[in-house]
There are 2 protein chains.
Amino acid sequence: MNIARLPSYLEGVWRTGSGEGTPVADAVTGETVTRVTSEGLDLAAAVAYARRTGLAGLGELTFPQRAAAIKAAALALQERRQELYELSARAGATQRDAVVDVDGGIGTALVYASLGRKGLPEHTLIVEDDPVALGKGGTFAGRHILTTPHGICLQINAFNFPVWGMLEKLAPALLAGLPTIVKPATPTAYIAAHAVRLIVESGALPPGAVQLVSGSVPGLLDLLGGQDHIGFTGSAATADRLRSDPAVTRRSARFNAEADSLNCSVLGPDAVPGRPEFELFADALVTEMTVKAGQKCTAIRRAFVPAGLIDAVCEAVQARLAKVVVGAPGADGVTMGALVGLAQRAEVRGAAGRLAAAGSIVYGDPRKVEVVGADAERGAFLSPLLVRVDDVARPEPHQVEAFGPVSTLMPYGDVSDLLDLVARGAGSLAGSVVSYDRDFVRQVVLGAAAHHGRILVLDRDSAAESTGHGIPMPQLVHGGPGRAGGGQEEGGLRAVYAHLQRTALQGGPATLDSIIR
Amino acid sequence: MNIARLPSYLEGVWRTGSGEGTPVADAVTGETVTRVTSEGLDLAAAVAYARRTGLAGLGELTFPQRAAAIKAAALALQERRQELYELSARAGATQRDAVVDVDGGIGTALVYASLGRKGLPEHTLIVEDDPVALGKGGTFAGRHILTTPHGICLQINAFNFPVWGMLEKLAPALLAGLPTIVKPATPTAYIAAHAVRLIVESGALPPGAVQLVSGSVPGLLDLLGGQDHIGFTGSAATADRLRSDPAVTRRSARFNAEADSLNCSVLGPDAVPGRPEFELFADALVTEMTVKAGQKCTAIRRAFVPAGLIDAVCEAVQARLAKVVVGAPGADGVTMGALVGLAQRAEVRGAAGRLAAAGSIVYGDPRKVEVVGADAERGAFLSPLLVRVDDVARPEPHQVEAFGPVSTLMPYGDVSDLLDLVARGAGSLAGSVVSYDRDFVRQVVLGAAAHHGRILVLDRDSAAESTGHGIPMPQLVHGGPGRAGGGQEEGGLRAVYAHLQRTALQGGPATLDSIIR
């Protein structure tokens, strides 16, 4: 069968690249879903269209008007989210996984719509502060404004959250007035493309506000410079490559990276078996290992538990993992889906092997998994794998990331040892502390804060409402130092401000007033 | 005569590098002032000392205590600033120039001391916001804290402001708790080194808070990573090189660049001869051309005037330039000093030649200048040069920066043309509009804001108190998009926040309270 090539949405039209394209397989069945190619597409024209038509269209709207457009787009997606769930299943996502991506993305866009409506002025610029007197006579002052750059936003996304990853970047960029070109990851580009189709069909956004390139973007960075913004989610290696581009190093395009990291979760010494926190820790670890089959940049990769509790934790987690049913999304009883593809599985197996060399696999078999409703080899299925590493001085657990249902369980001694271990991750997106001992929590949070973009405290009092270790919230910053990319997304209106140019104005107070009126 | 090598201040001790070193000539006489070498110095030990001793010492101080230490250091410099003026004269700086650097730097440090005392908590962390409810039951919330990274700050400075450039980076870094290694530019390293000596002798700062490397820093970036901060001022080419280093691209060290740019000043059509703004414009242009002999990253490089006024402006500026007396700082009647050295003069002459090829030199001779109190060839003297370019479509005036007493005068038609020309600078640190027509001012400021870190409006009402086009103020952001490096320094407490790690905390409200107590 001749599988259709996935189109791109450029200059207001769906256009299909030429050539064979890269085939994308169904994660469950191995059948080809689509072929992805941008060959022959005129990306320079797309950039010019964004700069001209997109920028002008958004520029005619005030912040609250942009917020209303974003809300309309999000509601259009919500209306037809079932279509996105169905496509997500082909990428291995269970309903629970798809909700994180699809509903999570829509929810994020709606939060931004609300922030834009309530928190930004009926204007196209933001006056950031009151005037600061710069002279004693009151005739000279300074203040800051934030305005829309004369540029565009290019977002380069990871395969794991084709909808959320797009919307959490799109919403603040559009609020800021920046037209966006979306470049999804090839393995799930068909999901992102469908989401863009739903947005386009809604007519919610002005022409040129969103474009989509299915496939690679050769030469696109050559067209970007100091007025443009590049938002990236993915591996540290790709972040390195993009950030080394002259668009960033020479022309100072803004660059934000959100990279996978070796996130930790810490169990407090108070949380012995029988205490609620012990159960919460084990539950959270299994959740993080199995949601999206562990393909989350925020997932717990390193679980630190008091040395005296490691056997008990190990047993508790093993018992929970034994209840995980791997299989085709939607098949009877399935609680964990497939990885995104066979190449990804091979990579995760390799990484798991390196981790196992530092200790031992105490749950699961990287080569074998019982699968419901699908073929274990044709689909990209993998058993959850718990690796126990007692020699915590080994480098592997702190450096090797298995981007799948894989976590390493390690013992720690005192808080100081623990903080050293945490720091060995060299920067993370998210950490968590599961304890009901406030002194312990305080020591760990303050000792680990510099290495984290976000830290969750989990205990019996907050568990019922807690959004969990792995879920970034639009109100809070997402991103972390070092290995996590050094960037920052979301965080409420901070993300909008990060897309705007801050300019200090100086002059007579009345003149400044007349400028910002 | 065997001129002494300039020592470095490392691990709390003044140490002298080995080898011949790079000789640094007196800008006025050509005599060798010192030789600069870091050969054989143990920079890895210096980094380790900063990480250990410096970080711990600053970490024991609250923000206001750090502010008090900065104030004490600044006052120690103020006490002995005459010594810095005298050294500055050897680098070609007149008293007026030295005041900009020395007093400007001290004033900036004092402003930061005041901001730290009044604007930051008696604590070592900052709670940035109120809790945001993340559940309806009120048991789960999020908020942000800012904490000191477990890192250091490396500052790499330009030659033109050895004192100010150091202090404007040092003050926010120290407030943030980050120990700093200063790497001054070789041609004026002896001035920066003396300022460090005065600070050290004051005993104001804890051990390890400041170190100084006189000379190059081979391998130093290899030691920096995601917890570290690199602050750079200098050329776009060096910014490119530093930002391409794996310390930044791979390990996500924070990097802030403030690069020279083709700053513009705009005369309004209302400001015809006879109006105060006409005079203010001509005065400001000549000030910017001659202070520091035009060696200011913020200096006006492109002066845009209404086409109908260009002859009048040309004459007014020529008349003022004719009164400039070039010569040895301190010599009778001298109003403009020397460039920093002969190599710099050669470079400026080359750039001026390229600019002149696009138009014509209407004041000054790049090869000849009358000099008071010194030898015109042995010292790095250069006449102020005004280049008129009527063909504004030529690329040179928008791309070639002559980092000396050189500006290009160009005509514009309507506001739309003007804004196109402004944008051709591809991003600037500072711009100015000189006009008493508020509509014109508003159009230009809003149209040019996205290309500028700072825009000054100058008119008759604010002129008396105006700090002028070229002077960054610590209360306002300094830095600009694109060619200007895409960074941001100063801006009051923003610069302190930029050195801290922001972490989102999530948990029960009472737990969050107990963490930040």
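Modeller: Let us begin with one bridge: A25(A) has T32(A), in β5(A), as its bridge partner. Please bear in mind that this is a predicted model.

Colleague: Why are β1 and β4 of chain A called edge strands?

Modeller: The open sheet has three strands in the order β1-β5-β4 (chain A), and its pairing is mixed. Each of β1 (5–6) and β4 (22–25) of chain A pairs on one side only.

Colleague: How do you know that β19 of chain B is mostly covered?

Modeller: Residues count as buried under 20% relative accessible area. In strand β19 of chain B (residues 428–434), seven of the seven residues are buried.

Colleague: Which strands pair with β19(B)?

Modeller: Strand β14 of chain B (residues 264–267) pairs with β19(B) in the parallel sense over four bridges; there V266(B) has V433(B) as its bridge partner. Strand β20 of chain B (residues 452–458) also runs parallel to β19(B), and six bridges join them. In that pairing, S428(B) stands opposite H452(B).

Colleague: How many aromatic pairs are there over all chains?

Modeller: The count comes to six.

Colleague: Why is the pair of F161(A) and W164(A) called edge-to-face?

Modeller: Ring centres must lie within 6.5 Å for a pair, and planes over 60 degrees apart count as edge-to-face. The centres of F161(A) and W164(A) are 5.8 Å apart and their planes stand at 75 degrees, so the pair is edge-to-face.

Colleague: Are these two residues, F161(A) and W164(A), buried or exposed?

Modeller: F161(A) has a relative accessible area of 9%, so it is buried. W164(A), at 8%, likewise counts as buried.

Colleague: What is the aromatic pair of Y9(B) and W14(B) called?

Modeller: That pair is tilted, with 5.0 Å from centre to centre and 50 degrees between the planes. Y9(B) is buried, at 12% relative accessibility, whereas W14(B), at 24%, counts as partly exposed.

Colleague: What makes R460(B) a charge over the ring of Y436(B)?

Modeller: The distance limit is 6 Å from the ring centre. R460(B) lies over the face of Y436(B) at 3.8 Å from the ring centre. In chain A, R66(A) lies over the face of F63(A), at 5.0 Å from the ring centre.

Colleague: How do you know that the copies meet through the same surface?

Modeller: Of the interface residues of chain A, 100% are also interface residues in chain B, so the surface is the same. The contact involves 75 residues of chain A and 75 residues of chain B.

Colleague: What area is buried between chain A and chain B?

Modeller: The buried area is about 6200 Å², and carbon and sulfur atoms give 52% of it. R442(A), E465(A) and Q506(A) supply 11% of the area that chain A buries against chain B, more than any other three residues.

Definitions and conventions
Residues are numbered from 1 along each chain as its sequence is written. Chains are lettered from A and ligands numbered from 1 in the order in which they are written. This is a predicted model: local features need pLDDT of at least 70, side-chain atom pairs count only at pLDDT 80 or more; totals for chains, interfaces and linings use all residues. Side-chain values use heavy atoms; hydrogens and water are left out. Rings of Phe, Tyr and Trp (its six-membered ring) pair if their centres lie within 6.5 Å; planes under 30 degrees apart count as stacked, over 60 as edge-to-face and the rest as tilted. Buried means under 20% relative accessible area, exposed over 50%, partly exposed in between (1.4 Å probe, protein chains only). A charge sits over a ring if NZ of Lys or CZ of Arg is within 6 Å of the ring centre and within 35 degrees of the ring normal. Two strands pair if DSSP finds at least two bridges between them. Helices (H or I, at least four residues) and strands (E, at least two) are DSSP runs, numbered from the N terminus. Contact means heavy atoms within 4.5 Å. Buried area is the accessible area (1.4 Å probe) that two parts lose on being put together, summed over both.
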